[in-house]
Structures are given as structure tokens and as C-alpha cells.
Amino acid sequence: MTIRTRFAPSPTGFLHIGGVRTALFNWLLAKRHGGTFVLRIEDTDTERSTKESIDNILEGMSWLGLNADEGPFFQMSRLGGYQVLVQQLMDSGDAYRCYCSRDELASMRKEQKSKGLKPRYDGRCRSRTEPVTGIDPVVRFKTPTSGKVCVRDHVHGEIVFDNAELDDLIILRSDGVPTYNFSVVVDDSEMGITHVVRGDDHLNNTPRQLNIMTALGIEPPEYAHLPMILGPDGSRLSKRHGALNVLSYKEAGYLPEAVLNYIVRLGWSYGDQELFDIDEMINLFDLECVNESAASFDPDKFLWVNEQWLKRVSVQQLGSALIPMLEAEGIDPNDGPSLPEIAEVQRDRVQTLSEMVNKSLFIYNEPEEYAPKAAKQHLTPMALITLQSLQEELTNLDDWGVDSTQNAVETVAEKLDLKMGKVAQPLRVAVTGDSASPGIGQTLALLGREKTLQRLETAIEYIKRLSDL
């Protein structure tokens with residue numbers, strides 16, 4: 001059997017952490033077994049589905065590298081096929097038109113609640129044969145009133161549902177658009193899906209879908225319902241926990257490798273291993289290793305994983321990722337050293353690409369003013385001779401690089417009989433505007449000769465003006 005999996009998001013919102021995990025597990029299962037990964041957009045909720053959400057889903061999948069082998073397919077382009085099969089169920093007596101009005105249904109639920117019963121459709125239209133004037137009917141599936149449905153799940157094991165607890169669900173709305181529980185059955189069958197991997201919030205839908213499959217003579221796929229993802233406080237994951245649009249992590253400077261690496265560990269594990277590249281995930285992923293208990297989203301751990309991946313990927317990849325982020329700051333990436341050079345210097349000092357950008361802005365922007373605390377401590381009249389000595393030493397350098405500039409600073413420290421910090425810190429504040437930057441040789445090499453000497457001159461004039469006050 002060739003394994004065929006699918007990711008079938010509803011375009012009623014952005015692609016978030018839970019959706020990415022579902023997509024990733026389906027993608028890994030297909031890749032592990034040489035199968036096919038299908039992308040299907042379930043857009044039958046016409047009131048809430050938006051093009052913006054569709055574009056976000058497609059862009060997020062592309063950024064993460066979770067490319068589909070087939071699709072994307074859109075359910076709204078397949079309406080005719082659903083309607084044919086609904087008619088087939090009606091012809092076989094497994095479905096019927098329901099003419100209940102909103103008021104009638106509301107009254108029914110109110111009466112059930114007053115009697116302490118579970119609100120559910122009571123099947124009153126099963127025996128109706130005449131249409132009701134002024135009502136556009138829906139079509140309901142005639143759920144068996146007895147017997148049981150057994151769901152065999154790779155994560156939860158065998159789960160048995162009683163048909164008596166299931167009501168007659170709507171399978172076709174009055175406008176001719178199918179509902180989720182019907183369209184998903186038809187699509188999975190016609191697309192040859194062999195394994196349905198989805199969140200366990202869908203587990204209660206599965207017996208309903210299995211009953212529809214039985215009525216249509218469809219062989220059911222294998223199921224794996226993934227555990228819920230909880231926030232650090234144990235409640236359901238939400239935006240306040242960091243369950244953001246996945247592209248917001250791109251904007252925040254997370255690497256796609258880190259996103260996938262962190263998300264694969266939400267409900268799946270391989271011993272104590274924490275870091276996985278994509279090939280390792282493919283080779284090791286197994287549904288039998290998915291945990292039944294809920295996973296916990298930890299923003300700090302996520303950040304740590306990203307930090308590790310900044311050190312693992314190539315500086316060329318980091319440099320390419322920096323381009324749009326620098327441009328968003330109004331900076332021309334070509335107006336400075338090579339971006340891989342910046343990445344090499346900065347990647348051990350940051351946790352995200354956005355932090356790398358922020359800590360590299362000094363390369364492109366001359367300080368408009370010095371950080372008050374840093375200037376008060378380091379740009380003092382006593383530092384004037386130090387900066388002038390550095391200016392002279394650096395001006396006379398034949399070669400400008402990390403080692404040569406570092407040696408120049410050390411030479412000045414030795415000449416003035418000062419500790420390295422007493423020389424490097426005033427220089428650092430002079431050229432960056434603050435007291436924190438990479439090593440002084442790296443900082444000067446990134447800035448280059450012209451910018452360094454120009455900023456040194458500005459700092460010297462600043463101290464002179466202070467001395468005149």
C-alpha cells in the first residue's frame with residue numbers, strides 16, 4: 001500500500017502552531033514511507049473563509065518547506081460531486097430532507113434542556129414526506145439508532161462509540177454546500193487518503209464519518225488523532241501563550257528549521273534527543289511514538305531551539321534571511337560588509353534573526369547620540385588622549401581586519417599603560433554609541449576604516465565640547 005496523507009486546513013484564520021504540527025506529522029509520515037502528501041483547502045464555510053487566510057496558509061507551508069505532492073485542492077470547486085453522493089444516500093434511504101426552521105430547532109433544544117436531556121436533533125423529519133412552504137431544506141444523514149462504532153486509532157488505541165449517542169447530522173446545507181463531516185469523507189475517499197492524522201478535537205467526528213463511509217460503501221482510512229497542545233499554564237493553547245500566525249515567527253527572526261524542530265517535539269519524541277534536522281525527522285518519525293497525553297508549548301524552549309539552529313545553519317543562509325529584515329529597517333544591505341560576515345560574528349550572541357539585526361544596526365547607522373550611561377562612564381575628558389592615540393594608530397594601519405585592528409587597540413593600551421577595557425570601551429562607545437558590541441576587532445572590521453575613523457573624530461569633538469563647558 002502506498003501511503004497517502006493530507007493536510008486539510010479551513011481558511012477561516014491564519015496557519016498557527018497546531019495546524020503546522022498536523023501538516024508536519026502528515027508530511028513526515030508520507031516522506032518516511034515514500035508516499036504522497038496532499039494539500040486540501042476546506043473552504044466550504046463560505047461566510048468565514050477568506051483569500052487572506054488561503055494566502056497565509058500557502059505562504060506558511062512554503063516557508064517551512066512542507067511542499068505538497070498534490071494540490072492545493074479546493075472543496076468549493078467540487079460541489080457537484082458532493083451533491084451526487086448526497087442524492088445517492090437519499091435514494092438508498094440513508095439521508096433525508098429536514099424542513100425544521102430555526103425557531104423549531106431552538107424550541108426543541110429548549111425543551112430538551114428543561115428535561116435535563118442532552119440537546120440534539122430528535123429526528124422528527126425522518127418521517128416527513130411533504131415539503132414545508134417557505135423552508136429551504138437541509139439534508140441530514142440517517143444515523144443508525146443502535147449498534148456501536150469502533151475507532152481504531154494509532155495514538156488512542158481502540159475507542160467505541162454508541163450510535164444512540166449520535167444524532168442525525170446535517171450533510172448538505174440548504175444552499176447546496178456540504179458540511180465538514182460529509183465533504184471530508186468524500187474527499188478522503190476520492191483522493192485515496194490512507195492515513196488521516198489530525199487533532200484529537202476531531203475524535204468525536206470520527207464515528208459519524210465512519211457511519212457515512214459504511215452507507216457509501218467506502219473503505220475507511222487509518223486514523224491517528226494527535227493530542228491537544230496546551231499553554232505553559234495548562235490551559236488550551238491560545239494567542240496569549242504565543243500561538244501566533246506562523247509567519248509572525250518568520251518576522252520575529254525564527255528559522256524554519258527551528259520551527260519544525262520545536263513543533264515535531266510537541267507530542268512526539270525519540271529518546272532524549274532535542275535537535276533534529278529534517279532528514280532525521282523523516283527517518284525517525286513513527287505514529288506509534290506519538291504521545292497520547294497533551295503536549296505543552298514552552299516559548300522559552302522554542303527560543304532556545306531557534307538559538308541552537310542559528311549556530312547550525314550556514315552563514316550564507318543567515319545572510320540571505322537578513323536581507324528583507326534589514327530592508328524593513330530602511331537599510332541597504334549592500335551598504336556595509338557582507339551579510340554572511342555579519343552572521344558569522346553575531347550568531348553566537350543572539351537568539352533570533354531580528355535580534356541579530358538590532359545588534360547590527362550600528363554598522364549602518366552612525367550614532368545620533370550616545371547612550372547616556374555609556375557616554376558618562378566612557379566618553380570622559382580622561383578618555384580624550386586614549387581616543388586620539390587610537391585615531392593615530394588606526395589611521396596608520398596598512399591592513400584593516402579583525403586581527404590588525406585588535407592589535408592596534410592592544411598597542412595603544414600598552415603605550416598608555418592601561419588595561420584593555422579602559423581603551424576598548426571608550427572606542428566601542430565612540431563607534432557604536434553604546435557599551436555592547438562584538439569583540440572590538442570584530443566591531444572595527446565590520447565597520448570598516450572610513451566609518452571607524454569618522455566616528456572616532458566625532459567622539460573626540462564631543463569630548464572636547466564637554467571639556468569646554
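## Cysteines

A disulfide is a pair of cysteine sulfur atoms within 2.5 Å. By that rule, the structure holds 0 disulfides. The model is predicted, and local features need pLDDT of at least 70, side-chain atom pairs count only at pLDDT 80 or more, and totals for chains, interfaces and linings use all residues. Residues are numbered from 1 along each chain as its sequence is written, and side-chain values use heavy atoms, with hydrogens and water left out.

The cysteine sulfur closest to that of C100 belongs to C125, at 3.6 Å, which is too far for a bond. C125 is accordingly in no disulfide. Burial is judged by relative accessible area: under 20% is buried, over 50% exposed, and in between partly exposed (1.4 Å probe, protein chains only). C100 counts as buried at 10% relative accessibility, and C125 counts as buried at 0%.

## Aromatic pairs

A pair of aromatic rings is described by the distance of the centres and the angle of the planes. Rings of Phe, Tyr and Trp (its six-membered ring) pair if their centres lie within 6.5 Å; planes under 30 degrees apart count as stacked, over 60 as edge-to-face and the rest as tilted. The count under this rule is 10 aromatic pairs. In one of them, the ring centres of Y249 and F302 are 5.1 Å apart and the planes stand at 50°, so the pair is tilted. Helices (H or I, at least four residues) and strands (E, at least two) are DSSP runs, numbered from the N terminus. Because Y249 belongs to helix 7 (residues 246-251) and F302 to helix 10 (residues 299-312), the pair ties together parts that are 53 residues apart in sequence. Y249 is buried, with a relative accessible area of 6%, and F302 is buried at 1%.

The pair W268 and F285 is also tilted, because the ring centres are 5.9 Å apart and the planes are at 40°. This pair links distant parts of the chain, 17 residues apart: W268 is in the loop between helix 8 (256-264) and helix 9 (278-284), and F285 is in the loop between helix 9 and strand 12 (295-296). Both W268 and F285 are buried. One aromatic cluster is formed by Y249, Y254, Y262, F297 and F302.

## Charges over rings

A charge sits over a ring if NZ of Lys or CZ of Arg is within 6 Å of the ring centre and within 35 degrees of the ring normal. The charged end of R140 is placed in this way over the ring of Y121, 3.6 Å from its centre. Over the face of W309 lies R312, at 4.6 Å from the ring centre.

## An open sheet and a crossing helix

Two strands pair if DSSP finds at least two bridges between them. An open sheet of 3 strands runs in the order 4-5-8 with antiparallel pairing. Strand 4 (95-98) and strand 8 (170-172) are at the edges with a single partner strand each, so one side of each has no neighbour in the sheet. Between strand 4 and strand 5 (residues 138-141), the antiparallel pairing extends over 4 bridges. The bridge partner of C98 in strand 5 is V138.

Helix 3 (residues 79-91) lies across strand 4, strand 5 and strand 8, and runs at about 100° to strand 4. Axes here are lines fitted to C-alpha atoms, for helices over the stretch in contact (heavy atoms within 4.5 Å), and angles run from 0 to 180 degrees between N-to-C directions.

## Helix 6

Helix 6 (residues 206-216) is mostly covered, with 9 of its 11 residues buried. Among them are T206, P207, R208 and L216. Just after helix 6, G217 takes a positive phi of about 70°.
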